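Thanks for asking me to look this one over with you. Please open the sequence and the model side by side, and follow my points in order.

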Amino acid sequence: MNKVILVTGANSGIGLALCERLLSQDMEGLQLCLACRNMHRAQAARSALLSSHPTAQVDLLQMDISSVSSVICAAHQVKLRYSRLDYLYLNAGIMPNPQFDVKAFFRGLFSSNVITMFATAEGILTQKDSITSDGLQEIFATNLFGHFLLIRELEPVLCHAGHTSQLIWTSSSNAHRSAFNLEDIQHRRGNQPYSSSKYASDLLSLALNTHYNKEGLYSSVTCPGFVMTSLTYGILPSFPAFLWILLMPLFWIIRIFTNTFTLTPHNGAEALFWLFKQKPESLNPQVKYHSLTSGLGNNYTQPCKMDIDFEMSEVFYEKLLQLESEVRKKLKAKQQKSSTSFSPPAGSS
Ligand SMILES: NC(=O)c1ccc[n+]([C@@H]2O[C@H](COP(=O)([O-])OP(=O)(O)OC[C@H]3O[C@@H](n4cnc5c(N)ncnc54)[C@H](OP(=O)(O)O)[C@@H]3O)[C@@H](O)[C@H]2O)c1
């Protein structure tokens, strides 16, 4: 039987590189489903994959992960199409309006923290968030909550007796406990919503293991390292493309000191691909699997213990369930309102 793999944010960067790597390894027994918000970009990604793997099975699914109704609708489609999902890669993510703190960067450059600063961007990146039409913080909704809702909706195809399925998150080494607050899980008040959302995915993954392992569903988190994608180019939007190219030799040199500079999407997808080949029962729910590239360009995966605990993950999980029930109620009320406003007046034919 084919292995069915759904990848969110599959039309570019790390998601697309992962699909390419999966097909290169074993295209006979795989059925890939690219879940993307923009169907033109999704089609282009599908064509690119099929040009190098003409017989591969690559399906498309329209889904805006930041929208509650879009996620529910897409999950419905998945349940109609597939009886089982073997892998769900929770990869779509945004870091909009990033602000690069030049002063903090130069301070870090001449401090003993320089390697950590390059490896995790700690202290040098802040973002301006916005609100979705569902009333959620956009970065939280995209990077975390939409994926949580997707998992909840896909339970019937993810949890099967006698069979295991895997959830694989693209988290980040920028996931800092200091950026996350249980009293403000959407990060409405701070200026590091990206870091908060990634720490939240680490916490959620632990809680998902606690609640779903007995049903055969396992969750792991990865960090792709520092990869040149549209997300990274967005950090300095006014930076012309040729300057990034000029910086590349410097990045290759930095890689000698910090192997987290994976740089290409292919290298960044290493840990995501490595997890595909592991038995989920053998994985440690408290570690993050890092994609690393050596100075000589060799890729490998390294587990690192996360700064998370069970108690905090459980409290967070309860809060997410509560938020889920609130957004579902809101959606129902919205749907009822629009159906009554469109219903013909009594007595009309
Ligand atoms: N690049 C790095 O150095 C780095 C480091 C750590 C973690 N990460 C994580 O890696 C993941 C992939 O990012 P990337 O670096 O490969 O950047 P990317 O090329 O910009 O890929 C992000 C993907 O997410 C999709 N996406 C964004 N918002 C979406 C939405 N509302 N609904 C559906 N899809 C949506 C994008 O689709 P569109 O094309 O439609 O925008 C795109 O396909 C992200 O979760 C990111 O946080 C990246």
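**Notes on the fold**

1. Among contacts in the protein between residues at least 6 apart in sequence, 75% join residues at least 24 apart. Here, two residues are in contact if their C-beta atoms, placed from the backbone, lie within 7 Å.

2. Before you go on, note that this is a predicted model, where local features need pLDDT of at least 70, side-chain atom pairs count only at pLDDT 80 or more, and totals for chains, interfaces and linings use all residues. Residues are numbered from 1 along each chain as its sequence is written.

3. Buried residues make up 44% of the 349; a residue is buried if 20 or more other C-beta atoms, placed from the backbone, lie within 10 Å of its own.

4. The protein has 13 helices and 10 strands. Both are DSSP runs numbered from the N terminus: helices are H or I with at least four residues, strands E with at least two.

5. Now find the open sheet of eight strands, ordered β3-β2-β1-β4-β7-β8-β9-β10 with mixed pairing. At its edges are β3 (57–62) and β10 (299–305), each pairing on one side only. Two strands pair if DSSP finds at least two bridges between them.

6. Inside that order, β4 (residues 87–90) and β7 (residues 165–170) pair in the parallel sense over four bridges. Look for Y87, which stands opposite Q166 in β7. Helix α8 (residues 193–212) packs on the sheet and touches β7, β8 (217–223) and β9 (287–293).

7. Which residues does L125 touch, leaving out those up to four places away in sequence? They are P98, F100 and I235. L125 lies in strand β6 (residues 125–127) and counts as buried because it has 20 C-beta neighbours inside 10 Å. Q99 is 26 residues from L125 in sequence, yet their C-alpha atoms are 5.8 Å apart in space.

8. Last, have a look at helix α6 (residues 138–153), which bends by about 40° at F145. The bend is the angle between axes fitted to the seven residues ending there and the seven starting there.

How values were computed: Axes are lines fitted to C-alpha atoms, for helices over the stretch in contact, and angles run from 0 to 180 degrees between N-to-C directions. A residue is buried if 20 or more other C-beta atoms lie within 10 Å of its own, exposed if 12 or fewer, and partly exposed in between; C-beta atoms are placed from the backbone.
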